[in-house]
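Please look at the sequence and the structure shown below. A short report on selected features follows.

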Amino acid sequence: RDTMATPMLTARATARRFSSVLSFACVFAFVVAANISPASAASEDCAFTWTGSDRELSCCSVENCFRDRDVQKWSAYNATTCTNAVDSCSCNASSTAGLCNCGAGFRLVKQDTRDDDGNVIVALRYTYCTRCGEGQYSPEDDNKNCLNCGVVNHNGEHTRKPDPSLCAQGACFYNTRADPAGSFEECQARLTCRARYGKPQCEMCDRGTWSAAGLINTTTCEPCLDRLEHGEFRGVGAKDQNCRDANAWCYPGAAGNDCTNCTTGKYPRAKNETRPLEEDGSGWATYSQCVSCPQLAKWTASWTGEYFGGPNENKRTLGQYVDAVLLATYADCAANARCVPGSGSSLGSSENFCDECADDEYSEGGLNAKCKACPELGDRGFYSTNGATSVADPEGLSCLSNQRCKAGYGGPACQQCPTGTYSEVNLISEDGNYTAEGNASCLPCPALSGNGHYAEGPVLFSEESCAKARSCDAKHGGAACLECELDEFSAGGMTDQFCNECTDGPGAGSFVGGPFTSQEECDANWVCSAGYGGEDCSPCDSGEYSEGGSRANCTICPTLTAGEYVDTGGTRVSQESCLISQKCRAGYGGEGCEQCETGFYSTGDDLGTSGCQQCPDLNGNGTYIEGPELKWDQATKDTDQTRCLAARNCNAGNSGEDESCRTCPRGHFSTGGTSPCVKCQELQGGEQSRYMRGVGGNDANCNNIRLCAPGHDYNTPTCEPCAIGWYSEGDTNTCSECPTIDSGAGNYTDFGTKDTCEDARNCKKGYDGQTESCTVCNNGWYSEGEQDTCHECPTLEPWGYTSFGTEPACAAVRNCPASRDGTTATCELCHASQWSAGGASGCEPCDDLGDRGEYIGPGEDDTCKSVRNCKPGYDGTDSTCKACDTGFWSLGGNTPCERCPAMYVGLFLGPLFPGGSGVYSTFGTDPTCANARVCNPGFNGAETVTIFS
């Protein structure tokens, strides 16, 4: 109700605006309430509606009871009656007009309506009932005031407190607020132990037990729930089973209400003070909490390792606390801090919280790690970075990797570099020049290859500075004391450290036996170059040569058979080089200008041994004729190769007009010699008839290069087609006769292209076109002729076929039995009134019987006799069941007509009865012919009268 009333009473103006609507709602609510049973009306929680004023809500089912927005209680209004309206609309029968009649344990409250300034607008406009307080009661017949029911004070007045003889002070109370009392006795009956106290007289519960508030002498103390993981209860008097208000004493390393173990890196500490459970510090009270040990980290703006925290925090982890180890006190934090390499307690520090080691310290990390001093460097260098993890670990940050040595010093602890070594400068500062960080090795000066040494002297700080200590051996020089070149000299030592170039001697020559120790030694070892000779090393004349190496004179070249040496402007350095300047006469060439061989020619214009040139290569397609026409002399020499052409003898199939006897084009022939290539004849057989590629014909028929198409005769110059019934597989094959086809089984329609002639074979239908002789197909198999093979006819069990078929259905050779349709693939049974003789025959209609009879199934011949069923009185031997003649009878079916019994009186009585005993009017349907008998007067029609004479 309260949640519904608040929004409805928010504004007076709103209430007026909707008063008419809500009045209707109230009427509706009363109508609904009228249908409620009397038993439920007393406790009904009915809906609110506006009535009379914008300030009140009424209970629709109880007259004159209202719930005001201001007081938020049920009350009587304007001297009307509302009985016992406290939390619902239930009312008692009697009341004082204008006042609520409150129930037992309640008192009446009167209230005026006042404005915002406190002025009374309507006096005693509201009255309502409210509960009496703790330790009070109110009789139902006089509930204007609440009376105390506790112990009497020194003034003789009752108080609200219980008698101390009943329970310890503060341990019990009269619970009349929750359970209103209407008399002094009822008040005494509501004496209740407070939480944490129990029977017999509300005594304090023992440690580890609890009790909720309850009536005295009935409330007991119960054990607390076993919720402490690592601790025990030391406090008493909990008010619920969780005992969270009872002091829980935790074991070392645990804290909080449930005594849970502190996580890694945390230890228990009181929230407001440090207070151990026992004097020996064996535990902590429940008001303790787990707090973090000092952080093992360092904030830095430049470190790029592992970071934690937000984007503005650069945090480097320097260690971690040992996992699964409970820390009881702050002192345990330091004892269980495992530092990362490079961190530990600083030198002289009493606590270990993983500080980063200084730049001249190192730590290998671990528990209780200490920062240790790196090797002392003195004035030889300094350490540049803190946090070293070892003295000289090559894989990590170490003292060695952090050191910077002075130039000229290196290695562990920056020792002075040995003789012949140096250390490079990496850092130039006001304090001096230093190497790069790390193990600055002393680098060797350039190797002297065993041809010198470095002298002891000043410190060397670069490769260039090595030169001032270098001393090379004689004939050696440079940074590595390398041996001088053959045309250089050096005296060696520290004063002459470089190789000097010798001054050249006379003419064209070079130095031998170098290097040397002086210029004088250079002059004594000057010799002439190849092609030069004499003391002045001058060039050799035409027809002379010199291999050099001395100052000897030039040697004369070998004598030529038919030629001379000419001046080429170059030098001849050996006997072989004389050949370069020789010039042979036409028709001569090679070393010594010998006469050219067959197939070679010389014009006499070339120098050297290349005077004889080979005629064009005939590539095996011909030869040159031996004779003097290929050997020129000076008087008849030519300037081209026309004589080579005249001496050619090309092979057949090659062009005699081509300088290299090139093979005739495809489809051309040549008879050889100097004959040209001529086109071969056109071939029959289309593109499959052709001439071989890359080979020329050797006669006019081009037999050696002709390839005929399949079905064409190689023995004909133009690949003529084979005759019908003959075949050829093409290329160089001739025509042969095709295999013989059985008589009447088929024939050949063209020439064949294979030895089987299958592409020209034309077998008749029912014969196997895949056999050479057109073999007839077996019974129950068919072929559609030409090259078609035999295929099995459709299954026709159990009757099969009479012969081979000529089409897939094999309809013409079906072996269907009589009365079955031979035109169907499965010999289906003919319909009644149809007949079939079987085989491949179809079903034919039997004769029409009209209404004279019917067929009981399909017939096996054209008479349909076996299935004809004529009606009685009709001739069963007739194909149409015609009616029997008058005086004849038939039982029907396929029986014949027979004569009815004779009706006569005999010879003796004949004269007396000239008309006989009677006559037959139609055919009979049984042997008595009773249906057809017509008796004369005086004769019994029931039987035939026969009187013999």
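## Aromatic rings

Phe516 is buried, with a relative accessible area of 0%; buried means under 20% relative accessible area, exposed over 50%, and partly exposed in between (1.4 Å probe, protein chains only). Phe511 is buried as well, at 9%. The ring centres of Phe511 and Phe516 are 6.2 Å apart and their planes stand at 65 degrees, so this pair is edge-to-face. Rings of Phe, Tyr and Trp (its six-membered ring) pair if their centres lie within 6.5 Å; planes under 30 degrees apart count as stacked, over 60 as edge-to-face and the rest as tilted. Together with Trp526, Phe511 and Phe516 make up one aromatic cluster.

The count by this rule is six aromatic pairs. One of them is Tyr137 with Phe184, edge-to-face at 6.4 Å centre to centre and 80 degrees between the planes. Tyr137 belongs to strand S9 (residues 136-137) and Phe184 to helix H5 (residues 184-189), so the pair ties together parts 47 residues apart in sequence. Helices (H or I, at least four residues) and strands (E, at least two) are DSSP runs, numbered from the N terminus. Tyr137 is buried at 12%, whereas Phe184 is partly exposed at 29%.

## Basis of the values

This is a predicted model, in which local features need pLDDT of at least 70 and side-chain atom pairs count only at pLDDT 80 or more, while totals for chains, interfaces and linings use all residues. Residues are numbered from 1 along each chain as its sequence is written, and side-chain values use heavy atoms, leaving out hydrogens and water.

## Disulfides

The whole structure holds 36 disulfides, a disulfide being a pair of cysteine sulfur atoms within 2.5 Å. One joins Cys528 to Cys537, with 2.0 Å from S to S. The torsion about its S-S bond is about -90 degrees, so the disulfide is left-handed. Cys528 is buried at 2%, and Cys537 is buried at 2%.

Another disulfide links Cys846 and Cys864, whose sulfur atoms are 1.8 Å apart. This link is left-handed, with -85 degrees about the S-S bond. Cys846 lies in the loop between strand S72 (844-845) and strand S73 (853-855), and Cys864 in the loop between S73 and strand S74 (868-870), 18 residues apart.

## A sheet

Three strands form an open antiparallel sheet in the order S26-S27-S31. Two strands pair if DSSP finds at least two bridges between them. The edge strands, S26 (319-321) and S31 (366-367), each pair on one side only. S26 pairs with S27 (residues 337-339) over three bridges, and Gln320 has Arg338 in S27 as its bridge partner.
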